[in-house]
Amino acid sequence: MEISYQCTEAMSSKKLLSETRRTFPATKACCQQPSRVLIVDVTSPSWANTCSVLSEALENSLCLACSLAGPCRIPLLSLYLVQNQQECLLPFVHLKENFARVQACISELRTLPREGCFPQQGNGVVQAVQDGLQQFKQYSRHTAAGGSANSSVEITILTSQSGKEIVNQLEMKLKDVDLVSLRRIQVIEVLKRDFLEPEDVEQCTPAEELSSNVDIPILGMDIDLQTIEDNVISLEMLFKTWLHDCGSEREHLHLLLPSGGLSHGTAPKPSLMCLKCDLQERLLDPALISGTTDGTMRTADLNSLCQMTAWPATTLYKLQVVKALKSEGVCESVLYGLPFIIKPTSCWKLDWDELELNQHSFHALCHSLLKRKWMLLAKREPQNTCPSWNVAVHSYYVIVPSDSATLLVKPVAARELLMPSAFPALLADHPERVQGPIESALNSLEVEVTYNPLHLKSNLYKYLKSTLYRPLHRQQPQPRDQRPERHQPKQHQSRAKATVAPLRMAPSPAQSFRVRRDSCVHSFLPKEDDKILH
């Protein structure tokens with residue numbers, strides 16, 4: 001299967017408007033991330049194809065989340081299984097402290113029957129959504145009494161059924177349900193590549209554009225309808241979106257540009273144009289992974305003078321553009337550190353007109369930089385400095401455009417960091433006895449047009465799983481048909497006869513329900529023949 005990747009995601013106006021209209025209670029930085037409910041629908045013959053790839057992708061992504069230093073990016077996780085009825089495999093748990101329980105649930109997913117599966121009947125998916133919401137409310141009330149609370153929850157539904165049908169069921173059944181704590185529902189329709197229409201395959205090219213989907217507002221909350229392929233990398237990238245900073249309380253970065261034209265021999269105008277932006281990680285910092293450093297030391301590094309960080313987004317950075325650079329005139333050897341993606345902010349506190357103008361200005365900047373083949377050199381303004389500091393130390397960054405509506409920012413060395421590099425010139429001629437073997441060795445190598453990191457595996461997942469593995473001693477694994485059913489009386493041991501009564505949700509008379517019908521824009525995850533933009 002051809003797999004490729006792209007470094008940025010497009011942002012539609014409808015998506016931006018919907019995001020800015022949501023309001024959530026102010027919480028601490030560590031509580032900005034929503035709790036997660038994953039609902040796996042196995043009532044489809046294609047479950048036989050999806051089971052193994054889903055289990056591997058989920059375990060890979062969660063072991064990575066558990067191993068990252070700092071505040072947990074997935075604070076709470078719950079897992080539901082929809083067969084004849086819904087079943088809660090994993091009630092809400094703190095992910096970092098319960099990876100063994102998560103592994104046990106994933107192992108149980110792997111043991112589900114592959115052939116015949118379960119008949120499609122009832123509204124098991126909707127009942128699982130209602131049960132997850134009720135469980136989150138009960139958990140929130142319990143934890144709020146102790147002074148720690150998580151304000152919102154996101155629900156992800158993985159199904160091989162028609163995504164539109166699932167949305168229609170949600171439309172009918174959730175209109176009387178209290179959705180105040182629900183930030184978003186993702187309906188992920190998992191398809192084999194063989195089942196994709198030709199026009200859908202063409203739309204696979206913009207990989208990782210998870211914002212290109214159908215947004216259906218329900219009381220200020222979004223339902224995102226997406227379509228992805230049932231391979232490990234696609235599902236893994238889906239779960240990795242949970243690791244991004246989900247806070248939208250404030251913008252992360254102010255990009256300051258001269259506000260007017262300059263003429264020769266005149267000083268620049270004092271006023272500056274400010275583009276309000278958000279930062280997004282392009283790569284996970286290997287130093288944040290367990291076993292390489294401890295969280296305390298790394299926190300100090302992240303707040304150093306020469307580094308920015310997109311996680312957690314607690315600091316407002318200001319970059320003032322000081323020069324333009326020709327794209328071919330920047331030497332790779334003076335760039336260092338991790339790159340970050342810059343995109344227009346989605347801060348919900350800003351006025352819609354300001355957000356729209358900011359987005360258009362950002363896109364115009366990207367277009368103009370590409371047209372001129374320029375990069376930007378920017379100086380980071382110092383943060384609130386300590387009174388004992390007599391001199392402010394500046395750091396510099398190179399800002400690189402791409403074909404998408406994003407920019408890439410990387411630290412660039414200044415004079416003080418540069419080491420001597422007096423190297424001899426390359427010789428023009430070489431003895432044939434030396435040149436021949438070198439040419440032969442190079443000719444034997446496979447040549448790829450672009451570098452694709454998805455082709456390389458470092459065994460990091462295996463290492464992290466072995467590090468996190470803690471066997472559960474309290475119970476011995478046993479066949480599913482001999483195991484008592486969850487949420488059932490002890491006398492009902494047969495899974496075939498088990499039933500789960502749907503929770504009774506308290507309706508809110510003041511709430512209304514409406515669905516805006518939009519044309520479905522399918523979004524696919526990585527395809528291999530894509531061009532690398534950064």
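The model is predicted, so local features are given at pLDDT of at least 70 and side-chain atom pairs at pLDDT 80 or more, while totals for chains, interfaces and linings use all residues. Residues are numbered from 1 along each chain as its sequence is written, and side-chain values use heavy atoms, without hydrogens and water.

**Stop 1: helix α3**

Select residues 99-110, helix α3. Helices (H or I, at least four residues) and strands (E, at least two) are DSSP runs, numbered from the N terminus. The 12 residues of α3 should span 16 Å at 1.5 Å a residue, and the end C-alpha atoms are 17 Å apart, which agrees. The expected span is 1.5 Å times one less than the number of residues.

Now colour the buried residues of α3, including Phe-99, Val-102, Ile-106 and Leu-109. Buried means under 20% relative accessible area, exposed over 50%, and partly exposed in between (1.4 Å probe, protein chains only). The buried residues of α3 pack against α2 (47-67), β2 (76-82), β3 (86-94) and α11 (460-468).

**Stop 2: an aromatic cluster**

Select Phe-92, Phe-136 and Tyr-139, which ring pairs link into a cluster. Rings of Phe, Tyr and Trp (its six-membered ring) pair if their centres lie within 6.5 Å; planes under 30 degrees apart count as stacked, over 60 as edge-to-face and the rest as tilted. The structure holds 3 aromatic pairs. The rings of Phe-92 and Phe-136 have centres 5.8 Å apart and planes at 65 degrees, so this pair is edge-to-face. Phe-92 lies in strand β3 and Phe-136 in helix α4 (residues 124-144), so the pair ties together parts 44 residues apart in sequence. Phe-92 is buried at 8% relative accessible area. Phe-136 is buried too, at 1%.

**Stop 3: α2 and α7**

Show α2 with helix α7 (residues 232-240). Their axes come within 8 Å and cross at roughly 40 degrees. Axes are lines fitted to C-alpha atoms, for helices over the stretch in contact, and angles run from 0 to 180 degrees between N-to-C directions. Contact means heavy atoms within 4.5 Å. Among the residues making this contact are Leu-54 and Leu-64 of α2, and Leu-235 and Phe-239 of α7.

**Stop 4: two loops**

Go to Lys-373, in the loop between α9 (352-372) and β12 (374-380). Lys-373 is not a glycine, yet its phi is positive, about 60 degrees. Lys-373 is exposed, with 59% relative accessible area.

Finish at Asn-459, in the loop between α10 (432-443) and α11. Its phi is also positive, near 65 degrees. Asn-459 is partly exposed, at 49%.
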